[in-house]
Structures are given as C-alpha cells and as structure tokens.
Amino acid sequence: MSVATAAAILAALGGVLWLAARRFMGSNVQRLHQGLMRGKTVLITGANRGLGRATAAELLRLGARVIMGCRDCERAEEAAGQLRREVCPAGGPDPGPNSGGAGELVVKELDLASLSSVRSLCQEMLQEEPRLDVLINNAGVFQCPYMKTEDGFEMQFGVNHLGHFLLTNLLLGLLKSSAPSRIVVVSSKLYKYGDINFEDLNSEQSYNKSFCYSRSKLAYILFTRELARRLEGTNVTVNVLHPGIVRTNLGRHVHIPLLVRPLFNLVSWAFFKTPEEGAQTSIYLASSPEVEGVSGRYFGDCKEEELLPKAMDESVARKLWDISEVMVGILK
Ligand SMILES: NC(=O)c1ccc[n+]([C@@H]2O[C@H](COP(=O)([O-])OP(=O)(O)OC[C@H]3O[C@@H](n4cnc5c(N)ncnc54)[C@H](OP(=O)(O)O)[C@@H]3O)[C@@H](O)[C@H]2O)c1
C-alpha cells in the first residue's frame, strides 16, 4: 500500500470518527439550569416540529408555561403529547409551575396565513393569559410555489413577516404589562440575498421563490430593529437570530431528485445541525440572563453578529413598518 493510499484511508477514518462523535455526543447543546423559566409564559409559533418543537422542549424543561401556536391543532396535540413524555417521563399531566419540575404545555390554534386567525389567537391570549414573558416568532415557510394567504398576500412575505407583524403588535400590551419581557425573532442568513421592493411586495409582477424567502427574512430583521427602537424604555426587548443550517422539514417545497436524495440525506445528517442544536440561540435569547436588557441585535450561535447595511437602514425599516401596518389593517 502506498503512503498516499494509507494517508487517504486514515483521513477518511478520522472524518467518520469526527462525524460520529459530533452526532452522538450532542456537543453543541448546552444545559441551562432547570427552573430558570419557572413562572414564565412563552408563546412559540410553529412549535409542533423542527426548531419550534426543540425550543418548546427545552423551555418546558426549564419550567416555563409553553403555549404552542400552531395551525394544525391535531398535529400540535400529537407533538405536545410526545414532548410531555420526553420532558416529563413519569407521564400524566404536566407537573405545573409550582412543582419544582417541568412546566406546562398548551396548544392554541394559529394560522399565520390568516389575519383573522392571528386576531382570534391574540383575543384568546388577552382574555385567558394574565402574562406573556416571551414571544418567539419562529414559524416559517421556505421557497413555496407562488401562493397567497387568506388575505391575498404572497405566502412567504405574508406568513414570515406580516402574520408575525400583526401577532407581535396585538400582543405588545400584554408583553409590556409583563415586563421585563422578550421577543425573539427567527430569521435566516439568507436575508443577505433579499431586497425590499416596495413597488411589488406581493410579487405579483414577478415571483422568485428564493428571493421572496430572503426578502421575508430581511423584512423580519428590519421589523426587529424598528420595534427595538419603538420599545426603548419599556423593558421589552426584541432580538433576531439565524439558526444556521438545520435538518428540519423546512425544505418540504424544494424538489430533490430521487437519485440524489440518499446523498443529500447523508450530507445533511453529517453536516447540518440537529433541531436541538439549531434551537440553541432561540433558547438563549428567550432565557439567558446574559441578554437581559439587550435589544435590537442579531445573533447566531448564541453570539452577536454583524448585519449588512441594508438590514440596518432605518428609513427602509420605518417605511416597511408603516406599509405593514396598513397591509394588516392596524392603520386604515
Ligand atoms: N432549518 C433551517 O435550516 C433554517 C435556517 C434558517 C432559518 N430557519 C427558520 O427557522 C424557522 C423554523 O423552521 P424549521 O426549520 O423548524 O422548519 P419546519 O420544520 O418546516 O417548521 C416550520 C414550522 O412553521 C409552521 N408553519 C408554517 N406555516 C405556518 C402558518 N401559516 N401558520 C402557522 N404555522 C406555520 C409549521 O407548521 P406545520 O407543521 O403545520 O407545517 C412548522 O411548525 C423558520 O422561520 C425558518 O425560516 C430555518
């Protein structure tokens, strides 16, 4: 055997061992102390799968009352049942916030593609929930074919930005009366490829599914920064994050040829984050004392990161805010 072949075999073996260690040792998942979120109520959108589910699991473990805002209550109840079994292995009802154990899980219906559904959830929240300590705007749609929401908005812009815009605005009073409280916004690094085209926010003139996803995530960052400015002095903070590349169901609309699928699965298993790893920054921003009082910042891997100038443009952020208010009917 030549030296080169031996070196190649050793390198391949080293790579396999590294990947196996990374996968099976869960190295990037930090353990916060149990009880950190006891007495706190958290609303997470899209909590029945992926990053939202992993975020819900950890906040439940930390003692929070976690409200899962999901569009399909059957899927959400199923996920809630599994989470209860995982986090409260003794089974039965959640131990409750005063038991010293995990928190509570509640499912509420929320379809972000319907402004009336957003309004109904908020009305229910205001009637039934005495407090809201953390709102996590997590749900998202990625690169779907051209579709419209119930109210006629392009789906990605409508769900990722406008639905959450209305939700947050209608819950601001409750967040303020529960202060100190936090809003966590899940964006994406792909914001870099987006632009806010005020002439065609609904993509009626042309539709590019990748560009529209990026634009919705750029809008999300501009929204966060404008909201942080408006919330100064209220003790309600808002921060935005990117989770990295995570192995979830987000790519459901992306067609991968049958023959390439096994390779894709292998590569994603090896190199993408698990949902638990991807949820770390959401959990950190929702619960860590380290970010108490920090607002309007952009995070990745639990650290602050820099934004491109286009995501910090205050005049675009203000204009987008004003237009969004009209689109969702807050201002006529
Ligand atoms: N995965 C990544 O690599 C990655 C990278 C960057 C950013 N992100 C962002 O991370 C967030 C979570 O995504 P994920 O990766 O966890 O994807 P996922 O597994 O597809 O989960 C998305 C969640 O959003 C919900 N959702 C979609 N449309 C909705 C609507 N109209 N109303 C209410 N809920 C709706 C889904 O509900 P159903 O189960 O009913 O469909 C699901 O619970 C998204 O905002 C995504 O853009 C993810």
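The model is predicted, so local features need pLDDT of at least 70 and side-chain atom pairs count only at pLDDT 80 or more, while totals for chains, interfaces and linings use all residues. Numbering starts from 1 along each chain as its sequence is written, and side-chain values use heavy atoms, with hydrogens and water left out.

**Stop 1: the ligand**

Select the ligand and its shell. 28 residues surround the ligand; a residue counts if one of its heavy atoms lies within 4 Å. The closest are Asn48, Arg49, Arg71, Tyr213 and Thr248. By type, the shell divides into 12 nonpolar, 10 polar and 6 charged residues. Here Ala, Val, Leu, Ile, Met, Phe, Trp, Tyr, Cys and Pro are nonpolar, Asp, Glu, Lys and Arg are charged, and the others, Gly among them, are polar.

Colour α2 (50–61) and α6 (209–230) next. Each supplies at least two residues of the shell. Helices are DSSP runs of H or I with at least four residues, strands are E runs of at least two, and both are numbered from the N terminus.

**Stop 2: backbone atoms at the ligand**

Show the backbone of Leu112, Gly244 and Val246. A polar backbone atom of Leu112 is 2.9 Å from a ligand nitrogen. A backbone N or O atom of Val246 lies 2.8 Å from a ligand oxygen. For Gly244, the distance from a backbone N or O atom to a ligand oxygen is 3.5 Å.

**Stop 3: the sheet**

Switch to cartoon view. The open sheet has 8 strands in the order β3-β2-β1-β4-β5-β6-β7-β8, with mixed pairing. Strands pair if DSSP finds at least two bridges between them. β3 (104–109) and β8 (303–304) are at the edges with a single partner strand each, so one side of each has no neighbour in the sheet.

Now pick β5 (residues 181–186) and β6 (residues 236–242). They pair in the parallel sense over 6 bridges. Val185 stands opposite Val240 in β6.

**Stop 4: two loops**

Most residues other than glycine have a negative phi, and most peptide bonds are trans. Select Pro180, in the loop between α5 (155–177) and β5. The peptide bond from Ala179 to Pro180 is cis, with omega near 5°. Finish at Ser203, in the loop between β5 and α6. Ser203 has a positive phi, near 55°.

Definitions and conventions
Polar contact = N/O pair within 3.5 Å; in protein donor to acceptor, adjacent residues only side chain to side chain.
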